[in-house]
Amino acid sequence: MSWRGNYQGASFFELLQVEQPQLLPNLSAWSDAANSSIPHGTTVLAMRYDDGVLVAGDRLATAGHSVASRDVVKVFATDSHSCMAISGAAGPSIEMARILSVELEHYEKIEGQSLELDGKANKLSQMIRQNLPAAMQGLAVVPLFAGFDLRRRSGRLWKFDITGGRYEEAEFDATGSGGLYARETIKQGWRAGMDQAKATRLAVDALTAAADEDRATGGVDLERRIFPVVKICSGAGVDDCREEEIEAAYRENLARRANGGSSE
Amino acid sequence: MSMPFYASPEQIMADKAEFARKGISRGKSIIALEYDGGVLMVAENATSLSKIGEIYDRIAFAGVGKFSEFDQLRKIGVRFADTKGYAYSREDVAGQALANAYSQAIGEVFTREMKPLEIEIIVAEVGDDRWEDHRKNSLYRVTFDGFISDHANYCVIGGNVGDVEAELANSFQDGLSAGEAIRLGQQALDTGSERGTTLDESTLEVCILDRKREGRKFTRMSTEEVKGLLET
């Protein structure tokens, strides 16, 4: 610690760049050919409901055609009112979620007030842009960011592309290898002003559909008792959906399919 | 050739110390004291500029003297703690290491620079119930020359330290409730102050490190909360 550091701002990411660059991921030596040797995360989704926004992800990570982990967590609370869900190369993605959560806390402590939700999404997009050289070599970080906007009193969500492009979605989005199937399922069931219980059931349905069609997505694993992570961001903060609720939603989904698709 | 002006090192240090002390004693006091729920910090402060701040999960900071200087120290403390917690783990960020780092940095300014820092700080750390060897709270005081000391029960910086400490020595007990602790703080600050009026919620800045809270244990109390506690 020294009285006059080189960095005087409020960003933790920039602090590391200036003072401790060795702590930041440096993936410049990465080769595309090694991509099947490291874990990749698969399907994550986010959708708005009446009191906020829900973020969910399955638990499987794959390396090439193998299972890398069955119970990896891809949805992170980045502060009291926001979440980030990751798909793509697991290592750099999880690290980015970690840096973002320190970043948001750091800013709040240095400046004495939290960033606005827009500011948080913008910061994440800058961090993704920094990762572009690695993304060009196959280490893409393409997260979803969602949170409860305390000024607008509503949930909001953003998707990103590898160049840091930031796109706000008004209803829902899903990304990762099974994202397409998840999105299709949500599209059919999503209604404006749906409640949290309905949103949770729809999220489980979407992950189940993605797991059904995409071999790299995990879905619900009743044998091993591994359930997707479902996080709820509302005015009260970020909360984990209970496993019992997820299991009930999944069993309902199974029963419906056994009934030949009739919904009740 | 002209002779360079000579002053003995003793004289230089004494002058610097006197200069710093003068600035600090003009200010108002801050107290950190242990209570049954953790550590409570109370400052006489009618402005919206905070003297007490959060550093990390279990660590808080308080400074008296020149605002720009102790606020800068608060910020470098946050940078130090966040970098350490990121590089290792959140549990590796400890109050003692931070207080030591402050002592080094402040001591360095005192010996090297023309002007010493006109500040005094407290680093407070609340105990962690999860681990046997981390249960105790710690209170450290670092003065303008980098002198570091650790304190049990309570710790006072700035203003009329002697009188405030005497009042606390008389009335402090183990296991105070939050309400009792804040009233004791108020009473001790009143004793040390020359105003003759009683401090109330509008002139007190109160923050706590709440043992029971998950994760980040630092909480700044609103005026209403302070009022409620003063009246309990």
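A residue counts as buried if 20 or more other C-beta atoms lie within 10 Å of its own. The legends below describe a predicted model.

**View 1. Overall fold of chain A.**
Chain A holds 7 helices and 14 strands. The C-alpha trace spans about 70 × 45 × 30 Å along its principal axes. For 264 residues, a compact globule would have a radius of gyration near 18 Å, and the 19 Å of chain A agrees with this. Buried residues account for 47% of the 264 residues. Of the contacts in chain A between residues at least 6 apart in sequence, 67% join residues at least 24 apart.

**View 2. Helix H5 of chain A and its cover.**
Helix H5 covers residues 179-189 of chain A, and its buried residues are Gly179(A), Tyr181(A), Ala182(A), Arg183(A), Thr185(A) and Ile186(A). In an α-helix, residues three or four places apart point the same way, because there are 3.6 residues a turn.

**View 3. The open sheet of 4 strands in chain A.**
The strand order is E5-E4-E1-E8, with antiparallel pairing. Strands E5 (66-69) and E8 (88-89) of chain A stand at the edges; each has a single partner strand, so one side of each lacks a neighbour in the sheet.

**View 4. Pairing of strands E4 and E5 of chain A.**
Strand E4 (residues 61-63) and E5(A) run antiparallel and are joined by 3 bridges. Thr62(A) has Val67(A), in E5(A), as its bridge partner. Strands of a sheet pair through backbone hydrogen bonds.

Conventions
Residues numbered from 1 in each chain as written. Chains lettered and ligands numbered in written order. Predicted model: local features only at pLDDT ≥ 70, side-chain atom pairs only at ≥ 80, totals over all residues. Helix = DSSP H or I, 4+ residues; strand = E, 2+ residues; numbered from the N terminus. Rg over C-alpha atoms; globule rule 2.2 N^0.38 Å. Buried ≥ 20, exposed ≤ 12 C-beta atoms within 10 Å, placed from the backbone. Contact = placed C-beta atoms within 7 Å. Pairing = 2+ DSSP bridges.
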